[in-house]
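Trainee: Could we go through this structure together, one question at a time?
Mentor: Gladly! Have a look at it first, and then ask away.

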Amino acid sequence: MPQKRLSVVVTRRLPEAVETRLSELFDVTLREDDTPMTRAQLAEAMAEADVLVPTITDQIDAGLIGQAGERLKLIANYGAGIDHIDVETARRRGILVSNTPGVMTDDTADMVMALMLGVTRRIQEGLLVMQAGEWQGWAPTAFLGTRLGGKRLGILGMGRIGQAVAKRAQAFGMQIHYHNRRRLRPEIEDSLEATWWESLDQMVARMDVISVNCPHTPSTFHLLNARRLRLLKPSAVIVNTSRGEVIDESALTRMLKAGEIAGAGLDVYQHGIKGNPDLVNMPNVVMLPHMGSATIEGRIEMGEKVLLNVKTFADGHRPPDQVLPAML
Ligand SMILES: NC(=O)C1=CN([C@@H]2O[C@H](COP(=O)(O)OP(=O)(O)OC[C@H]3O[C@@H](n4cnc5c(N)ncnc54)[C@H](O)[C@@H]3O)[C@@H](O)[C@H]2O)C=CC1
Ligand SMILES: O=CC(=O)O
């Protein structure tokens with residue numbers, strides 16, 4: 001007798017190749033328009049599906065998990081960060097959670113370098129002048145930025161993306177420093193020529209550039225708070241591709257305005273752009289709309305990871321990218 005196909009609800013439009021493959025394997029409900037589901041639509045999906053495939057724009061909190069149907073057994077997130085899912089409540093309800101780590105590492109690390117260069121080499125200011133047709137020709141003292149080579153880069157969160165940033169920054173001639181929950185194994189530290197700082201305070205006070213690459217968890221919320229931001233050198237630049245919540249955005253905005261921090265390259269925000277309108281037009285701030293992992297290749301590979309997680313679960317095993325509360 002043919003096995004009953006799992007019912008899978010996907011909350012956002014995914015690349016066509018991924019949607020097609022999911023439809024071949026499972027009884028899939030796809031989203032027709034590319035907007036996030038409302039809370040009521042999410043609740044309905046979670047009441048009826050065996051598997052939910054959400055993404056970062058869905059808040060899968062304790063309330064929604066509490067209302068989930070008995071059938072829901074897997075939340076297979078399309079994305080690496082899982083701070084929008086209450087993993088502990090899901091565990092208590094016997095619902096597994098998986099994510100898609102690794103396949104967006106290089107793309108996100110590339111974007112960290114783009115943001116770093118964008119701020120230190122004043123790329124946005126140059127672009128705006130060209131687009132406005134205001135360029136007066138080359139001048140020896142125009143658009144002077146600062147060189148990355150020889151500068152100290154402090155990586156906060158030396159996991160997959162942090163290490164990929166370190167490799168790139170090494171090639172730019174930067175000195176690599178890091179603060180991480182756990183120190184890296186000596187052979188990895190050696191290959192990255194990286195210096196470990198047990199004290200985050202001491203590290204931030206000495207860096208020229210900080211790259212934020214830890215996840216957003218209860219222990220990293222506002223890890224870069226006003227007090228720590230004040231430890232930075234006034235010439236320092238911060239790049240954040242992790243989650244907005246790791247930095248106190250209001251304090252950062254105040255300090256950038258006051259010239260107490262030289263610049264910032266941001267891909268992620270706690271309050272979106274509406275929460276910090278002052279950031280938008282600052283010449284020393286490069287803002288991107290959360291596009292660190294936005295490559296065609298990466299988004300398809302994320303889909304392949306989701307497929308593997310759901311398929312492995314359907315075959316009666318734990319998904320390879322299962323997220324456990326203890327990992328957070
Ligand atoms: N902007 C974008 O498009 C993307 C953003 N991300 C974000 O990047 C984050 C990191 O991704 P991965 O490198 O793949 O994760 P990972 O799990 O490989 O690395 C995170 C590192 O942060 C460290 N860490 C955790 N808590 C810490 C703390 N309190 N203090 C110091 N270090 C701590 C961990 O020990 C680990 O080494 C994701 O959680 C996600 O929020 C991920 C992909 C794309
Ligand atoms: O920010 C993106 C993610 O997958 O996490």
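**Around ligand 2**

Mentor: In this predicted model, a polar side-chain atom of His 290 lies 2.6 Å from an oxygen atom of ligand 2.

Trainee: How much of ligand 2 does the protein bury?
Mentor: Start with ligand 2 taken alone, which exposes 190 Å². The share of that area buried by the protein is 82%.

Trainee: How many charged residues are in the shell around ligand 2?
Mentor: The surrounding residues are Gly 79, Ala 80, Gly 81, Met 104, Arg 243 and His 290. By class, two are nonpolar and three are polar. The number of charged residues is one.

**The second largest pocket**

Trainee: Which elements give two or more residues to the lining of the second largest pocket?
Mentor: This pocket has a volume of about 350 Å³. Its lining has 22 residues, and Val 119, Thr 120, Thr 146, Val 237 and Ala 262 are the closest to its centre. The elements you want are helix H5 (105-120) and helix H6 (123-131).

Trainee: How many residues of that lining are nonpolar?
Mentor: Let's set the other classes aside first: eight are polar and five are charged. The number of nonpolar residues is nine.

Key:
Residues are numbered from 1 along each chain as its sequence is written. Chains are lettered from A and ligands numbered from 1 in the order in which they are written. This is a predicted model: local features need pLDDT of at least 70, side-chain atom pairs count only at pLDDT 80 or more; totals for chains, interfaces and linings use all residues. Side-chain values use heavy atoms; hydrogens and water are left out. On a 1 Å grid over the protein atoms alone, a cavity is a set of points where a 1.4 Å probe fits but cannot get out, and a pocket is an open set with protein on both sides within 12 Å along at least five of seven lines; lining residues have an atom within 4 Å of a point. Grid points are joined across faces, edges and corners, and a volume is the space filled by probe spheres set on the points. Helices (H or I, at least four residues) and strands (E, at least two) are DSSP runs, numbered from the N terminus. Ala, Val, Leu, Ile, Met, Phe, Trp, Tyr, Cys and Pro count as nonpolar, Asp, Glu, Lys and Arg as charged, and the others, Gly among them, as polar. A residue is near a molecule or strand if one of its heavy atoms lies within 4 Å of it. A polar contact is a pair of N or O atoms within 3.5 Å; within protein, one must be able to donate a hydrogen and the other to accept it, and residues adjacent in sequence count only if both atoms are side-chain atoms. Accessible areas come from the Shrake-Rupley method with a 1.4 Å probe; for residues, only the protein chains shown count as cover.
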